[in-house]
Amino acid sequence: MENPNIIEVAGLNHWFGSGDVRKQALFDVNLSLPRGSFTVLMGPSGSGKTTVLTLIGCLRAVQDGSVRLLGQELNGADEAALVALRRRLGFIFQAHNLHESLTAVQNVIMGLQVHPGVPEDVAEQAAAHALGLVGLSDRIRYLPANLSGGQKQRVAVARALVGNPAMVLADEPTAALDKDSAGEVVDLLKRMGRARGTTTLLVTHDNRILDRADRILTLEDGRIVKIEDRAPH
Amino acid sequence: MSWLLRRLFGRLPIGWLQLTHNRTRFAAALAGVAFANVLVFVQLGIMNSMGAATLRPYDFFVADVMISASDANALSEGGNVARQWLLQAMADPDVADGTGLFIANVPWDRAARDISLTTFGIDPAKPGFLSPAITGEVNLLQVQDAAILDRLARGLAKDEAAAIRPQSPLSFETQGRTLTAYATFAGGGGFGGDGYMMVSDQTFLSLFPARSSGAPDHILLALRPGADAVQVIARLKTLISDSSLRIRSYADAAQEDLRYQQTRRPTGIIFGFGVLIGVLVGLVIVYQVLSTDVADHLREYATFKAMGYGPRFFLGIVLEEALVLAIMGFLPGLVVGTAILTLMGAITTLPLVMTPSMAITVFLGTIVFSALSGAIATRRLAAADPADLF
């Protein structure tokens, strides 16, 4: 029977630095995320949110404790395994991180091209379709420099979702956006994630988007201090 | 181009798109690569011309074996060879004929500028030792103080050279004598003189009274058809009692001269270093362009890393950029390099030409060194840590 949780974290501890300056960032973190859920991870600056995100996103090595992503233990996993797992994830960054030399559709294609064997024309059609879903079908040949902040973030959403990832990890995706654009991006992320059965973990300070979460995890000083389950919207 | 690279790499041509995104910088990068190519072409052209100029006088003669003094590293260098060794060599059954070759430079005071002609004193009765291009005119040298002039010599006007015929000879003074040129041949300026001149051995000895008919600079030998030059040379080395003499095939003598000019003479070493510096300049320019490009896109590369792209993908992008720079920078470099060599060749009369082999060598070298620069530049990619993006 398939595990209902896409991610299971147990007894996770993490340190930065070494010797006298070694500092513990996470303390016995335990959490699990059901498939298809939309979870918000919040907490003050320096509470360890981003560290959790990077550990779950296979971007840092797990030092102590267990992180099981898609049924695979990350503690002790080699680089090749981590890279392979990362291909099954979608990332959305605070600063969109679109490639300035690539058009919107080319940026989205990059989300698909990481999977070998996707024919070029299929990738292009899928990217254009994904941009259509985020309301940018008339901007597919635009370079990022010619898009607004909200439009760039929508391209980033399309790029993260075009490869049908099992999970999307979003770090403050609305931080640089106005209220309307922020709401649009989060709604889009949630709607598209739900339609595709994608689990979303979104790190934010932004209280404006809490009402859209299925679950809210609050992290303080490296510890999960509150788990709030909400009825799916 | 984008379409072509897309077909070639089977992915978005990110390198090309990155390079062309900032057109001014792209143009500057291409200019840098082209400059390095021009530098290499010019240095290589000069070095090759030195080789061609070194070998050119060997083409004026036809011989199988050459006997020279021990210190005769080049055709116009070294001591004399006693004529008696020519007679001794003729004793070998496979030696069909032999002749002495006298060489010295003579000044020619021209109105515009004074020039120096490398003068060969030959026996006009033995035209078989001259190249077919000169043989037809050799009988003219039977006349005392007659000469055949190099019509491509520096300082000799084209129309003036073209007017030289037996019916309208050109007389000029040198070494206190009046020489008369009745015909011309195609030589060209070299590094040791502005051109060449053929005279009879008797005229040569008149020009240089201190020289003796019994001591030419080299002895040329023609072997009988079918004779094995290696065996004949081995026999001559035992037959001729002066073991210090250099007895070698004519072709080997030319190659030894070439090697000497390129590796022992300061000019050859300087031109060789010039090529090396051109290559290094190109390497540094391409490295600088690619390394700056990598540094400028670290955040995007880190994003791609986070998405699951591996090291080969990034190496591919940088090598794609290196390839684009190498190919697109080579073409203007080739055009400018050819123009400069042609201009320099016209001014100096040195054989400064862009040869296909030179162009291909530099093109392949540009690709290899650009790829090497790219490979070095990818080391900066290690700084692209996707965890830093959050």
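Strand 4 of chain A, residues 64-69, is joined to strand 5 of chain A by 2 bridges, and these strands run antiparallel. The model is a predicted one. Within this pairing, A:Arg68 has A:Glu73 of strand 5 as its bridge partner.

**Confidence in chain A**

- Chain A has a mean pLDDT of 88, with 97% of its residues at 70 or more.
- Confidence in chain A is highest in strand 4, at 94.
- The lowest confidence in chain A falls in helix 6 (residues 179-196), where the mean is 80.

**The contact between chains A and B**

- Chain A contributes 22 residues to the contact, and chain B contributes 18 residues.
- On the side of chain A that touches chain B, at least two residues come from each of helix 1 (49-56), helix 2 (79-86) and helix 3 (104-113) of chain A.
- Helix 3 of chain A gives the most to this side, with 5 residues.
- By class, the side of chain A that touches chain B has 9 nonpolar, 8 polar and 5 charged residues.

**Helix 3 and helix 9 of chain B**

- Helix 3 (residues 23-55) and helix 9 (residues 250-263) of chain B have axes that come within 9 Å and cross at roughly 145°.
- The crossing of helix 3 of chain B with helix 9 of chain B is right-handed.
- From helix 3 of chain B, the residues in this contact are B:Met50, B:Gly51, B:Thr54 and B:Leu55.
- Helix 9 of chain B meets them with B:Ala254, B:Asp257, B:Leu258, B:Gln261 and B:Gln262.
- The residues of this contact comprise 4 nonpolar, 4 polar and 1 charged.

**Helix 12 and helix 13 of chain B**

- The axes of helix 12 and helix 13 of chain B lie 8 Å apart, and the helices pack at an angle of about 150°.
- Helix 12 of chain B passes helix 13 of chain B in a right-handed crossing.
- Residues of helix 12 of chain B in the contact include B:Val318, B:Leu319, B:Phe330 and B:Leu334.
- Among the residues of helix 13 of chain B that they meet are B:Ala359, B:Phe363, B:Ile367 and B:Ala377.
- The contact of helix 12 with helix 13 of chain B has 13 nonpolar, 4 polar and 1 charged residues.

**Residues with positive phi**

- A:Cys58 is not a glycine, yet its phi is positive, at about 60°.
- A:Cys58 is located in the loop between helix 1 and strand 4 of chain A.
- A:Cys58 is buried, because 28 other C-beta atoms lie within 10 Å, where the cut-off for a buried residue is 20 or more.
- B:Thr349, likewise a residue other than glycine, has a positive phi near 60°.
- B:Thr349 is placed in the loop between helix 12 (311-348) and helix 13 (356-377) of chain B.
- B:Thr349 has 21 C-beta neighbours inside 10 Å and therefore counts as buried.

How values were computed
Residues numbered from 1 in each chain as written. Chains lettered and ligands numbered in written order. Predicted model: local features only at pLDDT ≥ 70, side-chain atom pairs only at ≥ 80, totals over all residues. Pairing = 2+ DSSP bridges. Helix = DSSP H or I, 4+ residues; strand = E, 2+ residues; numbered from the N terminus. Axes fitted to C-alpha atoms, helices over the stretch in contact; angles between N-to-C directions. Left-handed = near helix turned anticlockwise from the far one by under 90°. Contact = placed C-beta atoms within 7 Å. Nonpolar A, V, L, I, M, F, W, Y, C, P; charged D, E, K, R; others polar. Buried ≥ 20, exposed ≤ 12 C-beta atoms within 10 Å, placed from the backbone. pLDDT = per-residue confidence, 0-100.
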